Amino acid sequence: MSTATAAGNKLQANIAAEPRRVPRYVLPLITAVVAGVDALLTAAALLLAFTLREGEPILSETAWAWSKEFVPYAGIFYFAVIIRIAMLAYTRVYRFGGAFSYANEAIKVFKAVAVGSLLIIAWAFLFRGGFAFREFSYSRGIFVLDFVLALAFLLAFHLAVRAAQAAVRRRDINLLPTLIVGTNAEAIQTIAELKERPDLGYRVVGVVTGETNGRSGEFEASPVIGSFDDLPELIRKLGIQEVIITETFVDSSHLFDVMMQVGRRRRVEFRFAPSLFNLLPQKTSVEQIGVLPMVRLFREPLSDVQRFVKRASDIVISSIAIAAASPVLAAIALIVKFGSRGPVVFKQERVGMDGRIFLCYKFRTMYADADEAIHREAFKKNIVGHEEANAGDSDEPVYGKVKDDPRITPAGRWLRRSSLDELPQLFNVLKGDMSVVGPRPPIPYEVENYELWHRKRLDMKPGITGLWQVSGRNRLRFDEMVRIDIYYIENWSLWLDLKIILLTLPAVFRGDGAR
């Protein structure tokens, strides 16, 4: 064991033994309280806008109910509270970790209130209280006043919350445990800035050197606790949430390996100093922490909005496809049932996003109790790039399949060639295990033979079809297929999904690489 590692282990034990400043439930509780106050302020804004504009009472004088003048606005009132909270959450106003600026906070609140007001107006004039007030003319002045008052109330409140947060951080509370990778001038500047400005929300735990056997000791009042090779272990043991890289020694493939070892579930943010722009992958964002420019690597392949759009499109497309293809599904079920002994639907464990195991549905194309060892051996050869992995010939190669597979039934050969055996996967899409478009879903024993960089394709839900399908399918070697999957993940868009879906039909009819 290196001197740095031994010193690091001792230091880790000391840091891990430090008691938490506040219990874990405090931050979620504060978030809930802030959202609750936002709901009250939103309600107050609309009620005050109504009172100022109409001069009428809000509650009935004869019963505990809305007044007859306010009844048409009651449905809008409930919707306004819900939609404003939703928009504030969408703009990430309720995220209290890491750096913030008052200007950015103001912009977030303005966007949330502005978009919320547009949705409230749309709700009022399209829904009209379930058509109960279709002849009622809503006052535009109330909506204008509501926007102004909601903006004023929420802006003042959230700026006050951030000011209170900055004061709390100066007492060493609500700080993200952070590691600095590097011992250069940029590291010195970064450490100094973060220590002088606790309101930024970072606590420097230690420094990691770029040497294989890092040295222990002190570096600008921060201990050197290990080398770059120790980074995954340090992150796990010390509960690190931020890693700031200032050195130019970092090899991009080495960094990628570290990120894969840490895993996305830990939600660790990796940031680069600007001098490392030449190493950046495609998805990055430039931010500022105090006076320090930082480049954040995107840990999530899709943003919250993109995930919502992709999931919504999956539900719509799979629902329509199941309804339209139901006669075909029934006909194929009969063919499989009477073609050979065994179940109609074959359920097989596959590896989904983030390595989650799920049951993938396909029409059975093999004889019952077929031995999977044949395919296991064939795919192992495919992953390592062995020439014997080609189940076709030099003119029409087919990779990842078993040549002249004796396990396949006569009906199964036709189903595979037409790709109709994959239609039940539409139910996987509806359940949320798969997407219409995405990487090919691997079998667990395939993943066991992956190299580390191959696992990047598990960053997104697997798909029935994908860029690999329309780019050659089984004619592609394994590494080529993985690179295509990674390209798709890093360049996803709804338009790209639609293009792939449109290109899939001709590819299926041609039987591209199907076997």
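What share of the contacts in the protein with a separation of 6 or more comes from residues 24 or more positions apart? I looked this up to begin with, and the share is 72%, a contact being heavy atoms within 4.5 Å.

**Ground rules.** I am working on a predicted model, where local features need pLDDT of at least 70 and side-chain atom pairs count only at pLDDT 80 or more, while totals for chains, interfaces and linings use all residues. Residues are numbered from 1 along each chain as its sequence is written, and side-chain values use heavy atoms, with hydrogens and water left out.

**Overview.** I found 16 helices and 12 strands; these are DSSP runs numbered from the N terminus, helices being H or I with at least four residues and strands E with at least two. Of the 515 residues, 46% are buried (under 20% relative accessible area, with exposed over 50% and partly exposed in between; 1.4 Å probe, protein chains only). The accessible surface is about 25600 Å², and carbon and sulfur atoms hold 60% of that (Shrake-Rupley method, 1.4 Å probe; for residues, only the protein chains shown count as cover).

**Helix 2.** I checked the length of this helix: its 29 residues should span 42 Å at 1.5 Å a residue, and the end C-alpha atoms are 42 Å apart, which agrees (the expected span is 1.5 Å times one less than the number of residues). Its buried residues include Val 34, Asp 38 and Phe 50. Helix 3 (71-90) and helix 5 (140-169) are among what covers them. Just after helix 2, I noted Gly 55 with a positive phi of about 70°. Tyr 25 sits in the loop between helix 1 (3-17) and helix 2 (26-54), and this residue is exposed at 56% relative accessible area.

**Aromatic pairs.** I counted four (ring centres of Phe, Tyr and Trp, its six-membered ring, within 6.5 Å; planes under 30 degrees apart are stacked, over 60 edge-to-face, the rest tilted). Phe 79 and Trp 123 have ring centres 4.3 Å apart and planes at 5°, so I logged them as stacked. Phe 79 is in helix 3 and Trp 123 in helix 4 (residues 102-127), 44 residues apart. Phe 79 is buried at 18%, whereas Trp 123 is partly exposed at 31%. Phe 110 and Phe 147 pair edge-to-face, 6.3 Å centre to centre with 75° between the planes. Phe 110 lies in helix 4 and Phe 147 in helix 5, so this pair ties together parts 37 residues apart in sequence.

**Salt bridges.** My search of the whole structure gave 12 (a side-chain nitrogen of Lys or Arg within 4 Å of a carboxyl oxygen of Asp or Glu). Glu 105 and Arg 162 meet at 3.1 Å, N to O, linking helix 4 to helix 5 across 57 residues. Which is it for Glu 105, buried or exposed? Glu 105 is buried, with a relative accessible area of 2%, and Arg 162 is buried with 2% too. Arg 271 and Glu 242 meet at 2.7 Å, N to O; Arg 271 is in strand 6 (residues 269-272) and Glu 242 in strand 5 (residues 242-245). Asp 421 bridges to Lys 362, with the closest N and O atoms 3.4 Å apart, and both residues are buried. Last, I noted a network of salt bridges linking Glu 193, Arg 197 and Asp 199.
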